Structure formats: C-alpha cells, structure tokens
Amino acid sequence: MKYLNEYRDPALVEDFIKEIHRITTKPWTLMEICGGQTHSLVKNGILEMLPTNITMVHGPGCPVCVTSISVIDEAIFLAEQPNIILCSFGDMLRVPGSKISLLEAKAKGADIRILYSPLEAVQLAKQNPNKQVVFFAVGFETTAPANALSVVHADRLKLNNYSILASHVLVPPAMEAILSDKDNLIDAFLAAGHVCTIMGMEEYYPVAEKYHCPIVVTGFEPVDLLQGILMAVQQLEKGEYKVENQYIRYVQREGNAVAQKTIQQVFEVGDRIWRGIGNIPQSGYEVNDRYKEFNARLKFQINIPLAAENTACISGDIMKGLKKPKQCPHFGTKCKPEHPLGAPMVSSEGSCAAYYHYAQADVESII
Amino acid sequence: MPQNSRVQLQCPMPKFDFDVITLGHGSGGLLTHRLLKSGVFDILKNDVLDQQHDGAVVEMHGKMAFSTDSYVISPIFFPGGNIGDLAVNGTVNDLTMCGAIPQYLSLAFIIEEGFEMKAFWEILVSIKNAATIAGVSIVTGDTKVVEKGKGDKIYINTSGVGLVHPKALIHHNNIEVGDQIIVSGNIASHGMAIMSLREGLEFETNIISDTVSLKSTVIKLIETFGSDIHFMRDPTRGGVASVLNEIAELTQLGFYLEHKSLPIDEQVDAACEMLGLDPLYVANEGLFLAVVKKEIAQPFLTALQNDPIGKNAAIIGEVTNDNKGKVIMKSSIGGKRMVTYLTGEQLPRIC
C-alpha cells in the first residue's frame, strides 16, 4: 500500500534500531499514549528489537478501555428500550458492563447497530422517524469532531429522534494525572498522532515544561514509532524536555481549526470518570446547553445504579504505566478475551489484548 | 452495490403462480409440487434426481468422503457470486480437501415466506452452473418455508459424497518438521467482498469474492504429487490463522509464517487496514492451504501457479520444531509475533 509501506521499510527500521542502541546509555521508561501505537509495537515485534534498558509502558489511549463501566451500563440500558436503536463503533460491543456487554444485549434482542461513522446514525434516524436513534459517542479528541458534526447535521435536519450518549475523554489531563502520580515512572511520552492531528501541539508545551518530560508526537507505523522513540531518547540523553513532532505528515502545531471549532460548537469540557483510573477533572466532553436536546442522558430517564468496577482488574496500574499486562496475576488465566475481567483484554486497542494475541509468555524467543 | 458481477440468467424463468415464495410452497402440497417440477427438478435434471424418490440411490465403490455445510450468508448476492454457488462450491471444496473427488450433493432450502421468486430462480441457476463446473450431480433435496421474520431470506444446506483419490493421503498426522506451507491465492478477498456491502460499512471497491470449485485444480495436484501432499484445508470462516492454529494444536508442531510472503490483493489489504481488520482472520471461499513435503514445494507451487485459480499462490511459511503448538509470524519489519485464534467476530475499531 502506497504511503504505508514506506513506513514499514525493513531497512529504515534497522537503521533506527541501530541508532537507538548506539545512543542509549541509561535506562529509560517511555510511554506511548495510544492503544494503536501499543498494538503496532507488539504486533510488529518492535519491543524485542529495542535495547534492554528501554522500557515501553502502555498508556491510557484506548477509548474502549477507559470508558467507565457505568457508561457502558447506560448504553446497555438504552439499547434494551423497545423504541431505541443504539449505534456504536464495533469494538465497544465486547466490553463488559457491570452485568453484560452490548454484544450480549444484542444477542438478547436489543437493536444495536455497528456503524463506522456517526453520520450514518443520523441517516438511520432520518430513515426511522418512529424510532429513537442513539449514537454511543466514545473516543478521544480524534472522534469528537465527527460525533459533534452528527449533532450539527441532526439539528440542521430538525431531527427530534437523534441523540448521542457522549463519553469523550481528553489526552492532556490524563497525562498530567499520570505524571503527578506519586509512583510515576515515566521519563518521556510518545503523544498520540491522531489526537494531535485534530488538536495540534499547543496543549503539550505546558505539560512538558511543568514535569520536565519530553513529549514526541508520534505516528503508528513501525518507522514512525522507532523515530519517535529515537527522538525521545535523544532528548532524555541530553537532559532536554521539549515537545517535538515526528508525525509531521499529518500534525501541524495548531491542529485542525475546523474540527476544533465543531467540537467547541457542540461540546463543553467537564469532569470524567476513567475506567480503572477514576475521576480526572476537566478530562471529558459532554454535549453543551445549546444542543441539550441531543444529549441522550437528558432526553431519556436512565435509571440505573452506579456500578462498581471489578477490583481484580489492574487496568488502572497498566494504563498509568506502573505495571505491564503480564504482571497481572489473572493475565491469560482468569482473564482472557472470551471471559475478560476488564476492557483492555477485549478492546482492539487494549494493551492486554495486544500481549495476549501477539506475545504470550510461553512462546520461545518472544518478549 | 456493484451489479455487474451478479450471475446473468442463462435459463429463462418458468412461469410461476406467485411472484414470491409463500408458506404453501413448503406445504408438501400442490404448490410445492409445482415449484419443484417447473423449478428445481427441471433445472437440476439428472438420472438420479429424475426418479423423484425420497432419497438418492447411487453406486460407489471404495473409500468415501462425506461432508455437510449450511450457508446463512448475508447479503445473499455479493460481488463474485451468491449463496447458491457458495453452497455448491463450499461442500465440493470440503470434500476436495479430504483428497476426494466430489460426485453427489444433496441440497436443502429453508426459505423465508415472501422471498422473491426471481431471486430464488437466480440462485437455482447459479447452483446449476456451479454444479456443472464442479462436475457434481445434485441427487436429493428438500424445501421448507418458514414464516416471515423466522428466517433471513434463504438458508441452504448441502451435503456431499465423493470417492477418495487412490493417491491421496491427507491427514494432519502426516505433517513433518520442514514441511512447507503453501496458500493457493490471495487471502481475505471473500470476507472483504461481503464486508463491503454490510450495513454501516459500505465502501466502494472492485473486490470480488473468490468463491470457486477447487476440485479440478486439487485433483491434478494429487495426481502429480500424491502422498507428498501431507495436509490440505480451505480456510473459510476464521481465515488462514484459524486453520493454522487448529493444525498447530493437533500436531503440536510449530507453524512459522512470513508476513511479507502472504499474497493479498492491494485493495483488500487497504480495506482491511481501513477497517482495522487482520486479513489473516478474514474468510476465504475458493482458497486452500497445503502443507507439503519440502522437496516438492517448488514444483508444487509452479504447478499451482500455472493453474488459473493458483496464479497468486505462494509459499508462506514452514513447519518447525520450536514453539510447539503455536503459530508464529515474522513481521514485515523482521520482528516476531504470535498468531492466535480469533475470539468472536472481528469488529471494526473506533479510530
């Protein structure tokens, strides 16, 4: 594939690996933010190519993993109502709520549709005037513009049967929560390329400055990740803490102004509970007052108790970089993709799923 | 939806009393009789079927392979085929993978009330065409109609029998360390052709399903290479990864793949990339995996590549003594990863 194979070039990969080995003199712990980056690292076997004194820990950038159990219960509650069509991105379906997952709710008869774009949900609302269509709007800043746009479209079409159940989360507050944790181990971050394509880099300068932590905006392909790691290690070895951009083919310092404007038009920033981590102040988007009739939480009486998380799952420690998936006593035993204790084992961006599928412990010559 | 690849009707549709299938067509009464007589029996005509008995009486001598499969695909018409040719080719290929020469098939329909007669006819024509190409006779069958909402348009079951080729010795127990793993063509085409039409995921492509009978190709290979072909399997649902995991588990040998050797159509690869799907787990229909003795791997590959369905065939890996019971793949950049079973269905990811 053109524009992808170039970033999977074995010769370039080898050059970067050699250079990283050459310049690394001390042990460093780097966290990649995004679950897509985690999967690329593990799936391509990059972790075993790095010097042993570079430890990659895997961040909270898996939207499925951080969506709180109560929000999943809310989605299931809505899906179970007879007149509601609940639309969702595919990989939310397997994540366990407090009792069942959306996939099980679907099997029991709930009308749940897997869509690729929230704009398709608006179409569905138009085609089904007698049904209420709710889009389960999860994700980081990356998916927020399209979800916001669906509300703008529905408003323009004067649809009164469309709403969204928003559970958006924001990267910079999560980075601060991790860096300010007393047990923090992170020396540098690889920031999520897609998030920065939308939001730009401005938000990261104060974080790098405050915590003396290099932040390299990084892409997702092997060459991207290795270049990002190299740039971060170069800074660490020199004692620098700058915000740098590896993903220059997509990310501009100011980001995508149109997308940001759409987000601001529909959403407001508020507190958000992250699964496994807890409440992080000012770390999520909720539908604002102007568009409140499109907020499923206000539109429907969602009458369910707040659910407690499964304490056996250590996803919080994993997403804060304090532990690796294989350090969980339940990894691959009590917790498997077919019966997960927590979300990272079933999400296609979850770090536990990455290790389970691509790098289980009992495989010779695999990390 | 691309229409150009739908089967062109070659047989004029007989005049039926109804435009749609009704419950009466499955009652066993007059409507069933008329549907069978002017529809099914006429088009699928052969000596055994013509006897219109409760079952087929056929003569076969020797070691026999027997297989069955049900087809519940949605959408029923897709680029490159429909549920009809799929139902014939699927069972033909399952028999072929046993080293058998498929000969007789049964054919059973479960049809939802209200299904269009025109679509039913189109499917029947495809069944006839696929059976003719594969050289098999449909000798017995059944038609049931269920109430609207109790089925999804049409389901088909086919079972088939065939005599095992005297030179074939296909069993996972014959797989040895050093054997080469060969795939007969581009992977993941069928699954992505279907995916491109699914509600919510429609995207424009020219991807067509690979559904085809493997019979003549495989029989020729068996004639030439005989028992040096240690194992064969068509990686349908669950894709290449699932078949390799099954045989790794059964043989307790290691299966080592090279990502860069996997043949895949560029559009299919791009569609998988876009939807976040791994082509190793995507379904195939007219594709097979062969595990063959190292010494014949090259001539086997050349023979396969000279066949119209095997032009993209490739050696994708080998059987090893380490990582017993596991499938390991060398990534395109030289790292290693495990390839495990798929849990549930592959679902498109968020971003």
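These legends describe close-up views of a predicted model. In this predicted model, local features need pLDDT of at least 70 and side-chain atom pairs count only at pLDDT 80 or more, while totals for chains, interfaces and linings use all residues. Residues are numbered from 1 along each chain as its sequence is written, and chains are lettered from A and ligands numbered from 1 in the order in which they are written.

**View 1. Strand β11 of chain B and its pairing with β7 and β9.** Strands are DSSP runs of E with at least two residues, helices are runs of H or I with at least four, and both are numbered from the N terminus. Two strands pair if DSSP finds at least two bridges between them. β11(B) (residues 314-320) and β7 (residues 180-183) of chain B pair in the antiparallel sense over four bridges; here B:Gln180 stands opposite B:Glu318. Strand β9 (residues 254-258) of chain B also pairs with β11(B) in the antiparallel sense, over four bridges, with B:Phe255 opposite B:Val319.

**View 2. The two sides of helix α8 (residues 266-275) of chain B.** B:Val268, B:Ala271 and B:Cys272 are buried (20 or more other C-beta atoms within 10 Å of the residue's own, with C-beta atoms placed from the backbone; exposed means 12 or fewer, partly exposed in between). The face turned away from the buried side carries the exposed residues B:Glu266 and B:Met274. B:Gly276, with a positive phi near 75°, follows α8(B).

**View 3. Where chain A meets chain B.** In all, 42 residues of chain A are in contact with 27 residues of chain B (C-beta atoms, placed from the backbone, within 7 Å).

Key:
Contact = placed C-beta atoms within 7 Å.
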